[in-house]
Amino acid sequence: MKINLRLKLTLSFILVVLLTGALSIIIGFNLILDKLVGQAQSTVLSHINTSQLIYSDDIGILNLQVNRISVSEEFLDAFLSEDRDQLQALISARREELGLDILNVTNSNGRIVTRGRNPELHGDSVMGMSCVKRALQEKKAFAGSSVFLQTYLQKEGPDLGQQAIVQIVETPRSRKGDRIIEDRGLMQIASSPIIHRGKIIGVVYGAKLLNNNFDFVDRVQNLVYENEDYDSAEAGNVTIFLDDVRVSTNVRNTDSSRALGSLVSEEVYNTVVNNGETWLGKAFVVNQWYISAYRPIRDLDDNVIGMVYVGIQEKLFQDINRQTLVFYILMILAGSILALLLSLYFIKTILTPYKTLIESSKQLARGSYIKVDIKSRDEVGDLARAYNKMISAIRERDEKLRDQTEQQLGQSEKLASLGRLASGIAHEINNPLTGILTYSSMLLEDFRGTEFEEDLQTIVDETMRCRKIVKGILDFARETKLEKEKSNVNSALRQALSLLERHYNFHNIKITLDLYENLPEIMLDLNLIRSVFNNLAVNAADAMPDGGELRVSTRFSPKSQLITINFTDTGIGIPPENIPKIFDPFFTTKEPGKGTGLGMSVTYGIIKRHNGTIDISSEPGKGTTVTIELPLETELNFPELS
Ligand code: ADP
Ligand code: MG
């Protein structure tokens, strides 16, 4: 039971701990994942904002550079001097200085006056270029992004045309197209009107080709990812798309070359190029997953012509996730283990008092009354106090029982030794008494009618009385053998009492019988039982010298299987101090010659021999009740005491 309780407590504690742990893990997992995904997306969003700022900034700088040339005195002088060589030298020098791919000057009709890169070619019209046309028409500087065709790029120089060419590569998940190369150029461009005396006399425009130019993407990568490598590839990267083709990137192929020429996925293309929106989410780029953002690049007429992309390897976030989750799980495990250890400790403290109680109970069973020392104020304390009270009560009861038993044993012992002595004497006296009785009876017959008759009669009477005493002693000492037969207690009572009414002085006494009709028959020595009833009735009569009532009742209890016989008189009663002595042989309160003091002790012996009990209750001045209980089974089934 002890183990069961411990097991139950432990199991329920473990269950609670596990449930709490599991719930925290599930809830915590989701919260953390949500948080991390949100964090990853906002990180990427801030990166795309940064890269867009830098992109616009680059255009702004280009704009300033072109603008400064168009308003410089040196340039105006050269332009107005109509000295083509001087102008050509200036523009070529500026282009190189500023690192521009294109720096050209047109006249007010949009025809090329000077090409910074290709001096040979001039006089052709570039009016078709939005930035030139609008600078001439609106008298304003323009800057932005634009797409240049290969034919135009060729005019600037075959090398520039070559730089623009990107081979289209097929990758899993990318958009399918039918082109095999992209030969157009994505340009950052700025134009500025040349104004002389309030009139527009031409346009200066400069441009940078972004195809195969990694300056922008690498700068942004260095800035936002601070060059931090992750797992041998860059943690994040940047790409510029012309339409759907990667024309500049630091996404690497497995051979660590730049992943140029691959196409964007259909989904992203739709969102960004077709709808002109920002795309945010997980994207499979070349060969891995990235948390990515794409944003449209628009030309001067607000058409989407390309995209800027930034992405962070998903693995990075997954690793952070994994680390966070592992840390979280470890924490919960540690907490659970701690909770478990604590609960085991508590179980121990809870169970210890019970162990003490069980130990003490075992001791009690072995006969030592050991109280438990548990001082707690809770229910266990209450239990311990109740238990200690119980120990005291058991101890008290045991001691009382022991005293009683000792007393009873003493009584039986006393009776037994007295019985042995008395029966010895009785035996010795019995034979001479028979002689005396025989001869005195013969003498009485011989001397009847003479002066000796009365004395002889006295001798015979007194001798008879002696024999009665001797017989009583022998009865008491159980020297006579029991002769049991199946009998009815009621009829034995009736016989004994009717005989008595005639032979004894009962004229003042009313005898009332209250007999239970269906008494079961039991085995009785009828002679002895009649003498018991005799004794009790005579004692009652002796107690009522001035008359009274003797009430005799019988009862049967099927439950206890006992026949109860009560003799109740209305006599003088017995003082309490005499009650323990009533069954002592020779105890009498009657005057010498009247009582022998053997009646009750003989009665006690006979009832005992029928396996029964006898009890006296009395109230001095009111009367006495003697109660006999006889079992249905009157055979003794335990050794006799004598
Ligand atoms: P005896 O009758 O010879 O005195 P018993 O053994 O029969 O001896 O009785 C012992 C004593 O018990 C009596 O002397 C008497 O004092 C008391 N006694 C017995 N029965 C009664 C009774 N019914 N009422 C009062 N005293 C009784
Ligand atoms: Mg008597």
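The structure is a predicted model. Ligand 1 is surrounded by 18 residues, and the protein buries 93% of the 530 Å² that the ligand exposes when taken alone. Elsewhere, the briefing covers S145 in strand β3, S51 in helix α1 and D301 in the loop between β13 and β14.

**Ligand 1 and its surroundings**

- Of the 18 residues around ligand 1, the closest are N539, T588, T589, K590 and M600.
- By class, this shell comprises seven nonpolar, nine polar and two charged residues.
- Helices α13 (526-543) and α14 (599-609) each contribute at least two residues to the shell, and α13 gives the most, with three.
- A polar side-chain atom of N539 is placed 2.9 Å from an oxygen atom of ligand 1.
- The side chain of D569 has an N or O atom 2.9 Å from a nitrogen atom of the ligand.
- At G599 the backbone is involved: one of its polar backbone atoms is 3.4 Å from an oxygen atom of ligand 1.
- Taken alone, ligand 1 exposes 530 Å², of which the protein buries 93%.

**S145 in strand β3**

- S145 belongs to strand β3, which spans residues 142-148.
- S145 counts as buried because its relative accessibility is 2%, and the cut-off for buried is under 20%.
- Leaving out residues up to four places away in sequence, S145 touches Y55, I59, M187, I189, I297, R298, D299, L300 and I305.
- With one of these residues, Y55, S145 also forms a side-chain polar contact of 2.7 Å.
- The C-alpha atoms of S145 and E462 are 161 Å apart in space, and the two residues are separated by 317 residues in sequence.

- S51 is located in helix α1, which covers residues 2-71.
- S51 is classed as buried because its relative accessibility is 0%.
- Apart from neighbours within four places in sequence, S51 contacts F216, V220, V308 and V310.
- In helix α8 (residues 266-274), the buried residues are V268, Y269, T271, V272 and V273.
- These buried residues of α8 pack against β12 (279-285), β13 and β14.
- Just after α8, G276 adopts a positive phi of about 70°.

**D301 and the loop between β13 and β14**

- D301 is placed in the loop that links β13 (288-298) and β14 (304-313).
- D301 is described as partly exposed because its relative accessible area is 45%, which falls between the 20% and 50% cut-offs.
- Beyond residues up to four places away in sequence, D301 touches S130 and R134.
- The side chains of D301 and R134 are joined by a polar contact of 3.3 Å.
- D301 and S130 lie 171 residues apart in sequence, with their C-alpha atoms 8.0 Å apart in space.

- Strands β1 (residues 102-107) and β2 (residues 112-115) run antiparallel and are joined by three bridges.
- V105 has T114 in β2 as its bridge partner.
- Four residues lie between β1 and β2 in this hairpin, and G110 in the turn has a positive phi of about 85°.
- Strand β10 (residues 236-242) pairs with β11 in the antiparallel sense over four bridges.
- The bridge partner of I240 is S248 in β11.
- The hairpin of β10 and β11 has two residues between its strands, and D243 in the turn has a positive phi of about 55°.
- Strand β11 (residues 245-249) is mostly covered, with five of its five residues buried.

**Non-glycine loop residues with positive phi**

- N212 has a positive phi of about 55° although it is not a glycine, and its place is in the loop between β7 (199-209) and α7 (215-225).
- N212 counts as partly exposed because its relative accessibility is 27%.
- S256, likewise not a glycine, has a positive phi of about 65° and is found in the loop between β11 and α8.
- S256 is also partly exposed, with a relative accessible area of 46%.

Notes:
Residues numbered from 1 in each chain as written. Chains lettered and ligands numbered in written order. Predicted model: local features only at pLDDT ≥ 70, side-chain atom pairs only at ≥ 80, totals over all residues. Heavy atoms only, no water. Buried < 20%, exposed > 50% of the residue type's maximum accessible area, 1.4 Å probe, protein only. Contact = heavy atoms within 4.5 Å. Polar contact = N/O pair within 3.5 Å; in protein donor to acceptor, adjacent residues only side chain to side chain. Near = heavy atom within 4 Å. Areas by Shrake-Rupley, 256 points an atom, 1.4 Å probe, with all protein chains shown as cover. Nonpolar A, V, L, I, M, F, W, Y, C, P; charged D, E, K, R; others polar. Pairing = 2+ DSSP bridges.
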